[in-house]
Amino acid sequence: MTPRKPPPAAAPPRVRRHLTVRGAVQGVGFRPFVYTLAEEHGLTGWVTNDADGVHTEVEGPPAAVDAFTGAIGTRAPPLALVESVEHRAVPVTHDDGGFTILPSATGPGRTLIPPDTATCDVCLAELADPADRRYRHPFITCTHCGPRFTIVTGLPYDRPLTTMAGFPLCADCAREYADPADRRFHAQPIACPRCGPRLTLCRGPDDPGTLRDTEALDEARRLLAAGAVLAVKGIGGYHLACDA
Ligand SMILES: [Zn+2]
Ligand SMILES: [Zn+2]
């Protein structure tokens, strides 16, 4: 008598859910956060920005989808301000392509742009580290700090709609931008000395800014010591500097 084959195991139940998150949820590392959260719970689906906020669709076991939904508001990144999370059930698609960040969609909306944020401690440590490739890089920034409001030219908040659009990422920056494990994953304003804006010093209306980088910095220090007033262009406007 041959042993009877066990019946095929029923496929575990799956559900799919669409969530819309509104508030200050762009430019704060929200899509990378959603990506990491979905991976953590073993869910498939996608996340995208539009001018209305962040949209995400996840699929997997009901308990995992519930846990994901609960964590969206409570574990949001530090600069995010979640005003509302709406969700509805959508048909299961049995997609098996993992979880992806889709290109942003444009359209009317009212999402909030976060303010510029002071350089974070991790970036400050890199700035002071001679072994770091952003050692003394004046435009250092990451997913959790740097310019936002100042550089936005439109919505949704993505690099092509910021004043950084004219600075294509070098290979190293592009790798950081695309790596979910990197702290600059999908950080829109990132750059480095090889690919970003450079320091320029203008010594009057007729000076096109011939001094650059450390030369500009050295001359600025000399001018300050000699009693000049400098206007330092930074995020959010100009900072006047003099020897008080
Ligand atoms: Zn930072
Ligand atoms: Zn770079």
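**Exercise 1. Determine how many cavities of 30 Å³ or more the structure holds, and describe the lining of the largest cavity.**

Solution. The count comes to one cavity of 30 Å³ or more. Here a cavity is a set of points, on a 1 Å grid over the protein atoms alone, where a 1.4 Å probe fits but cannot get out, and lining residues have an atom within 4 Å of a point. Grid points are joined across faces, edges and corners, and a volume is the space filled by probe spheres set on the points. The model is a predicted one, in which local features need pLDDT of at least 70, side-chain atom pairs count only at pLDDT 80 or more, and totals for chains, interfaces and linings use all residues. Residues are numbered from 1 along each chain as its sequence is written, chains are lettered from A and ligands numbered from 1 in the order in which they are written, and side-chain values use heavy atoms, with hydrogens and water left out.

Step 1: the volume of the largest cavity is about 120 Å³. Step 2: 16 residues line the largest cavity, and Gly27, Val28, Gly29, Tyr157 and His186 are the closest to its centre. Step 3: helix α1 (residues 30–40) supplies the largest share of the lining, three residues; helices (H or I, at least four residues) and strands (E, at least two) are DSSP runs, numbered from the N terminus. Step 4: the lining comprises seven nonpolar, seven polar and two charged residues.

**Exercise 2. Identify the protein donors of the zinc ion (ligand 2) and state which arrangement they form.**

Solution. Step 1: donors are N, O and S atoms within 2.8 Å of the metal (3.2 Å for Na, K and Ca). Step 3: the arrangement is tetrahedral because the four donor atoms subtend angles of 103 to 116°, and four donors count as tetrahedral if all angles lie between 85 and 135 degrees. Step 4: Cys170 is buried at a relative accessible area of 11%, and Cys173 is buried at 0% (buried means under 20% relative accessible area, exposed over 50%, partly exposed in between, with a 1.4 Å probe and protein chains only).

**Exercise 3. Locate Arg136 and His186, and decide whether each is buried or exposed.**

Solution. Step 1: Arg136 is found in the loop between α3 (121–127) and α4 (171–178), and its phi is positive, near 60°. Because its relative accessibility is 51%, Arg136 counts as exposed. Step 2: His186 lies in the loop between α4 and β6 (200–201) and has a positive phi of about 60°. Because its relative accessibility is 18%, His186 counts as buried.

**Exercise 4. Count the salt bridges in the whole structure and examine the pair Glu57 and Arg16.**

Solution. Step 1: a salt bridge is a side-chain nitrogen of Lys or Arg within 4 Å of a carboxyl oxygen of Asp or Glu, and the search of the whole structure finds 19. Step 2: in the salt bridge of Glu57 with Arg16, the closest N and O atoms are 2.8 Å apart. Glu57 lies in strand β3 (residues 53–60) and Arg16 in strand β1 (residues 15–24), so the pair ties together parts 41 residues apart in sequence. Step 3: both Glu57 and Arg16 are buried.

Methods. Tetrahedral: all angles 85-135°; square planar, octahedral: opposite > 155°, others 65-115°. 1 Å grid on protein atoms, 1.4 Å probe; cavity = no way out; pocket = protein on both sides within 12 Å on 5 of 7 lines; lining within 4 Å. Nonpolar A, V, L, I, M, F, W, Y, C, P; charged D, E, K, R; others polar.
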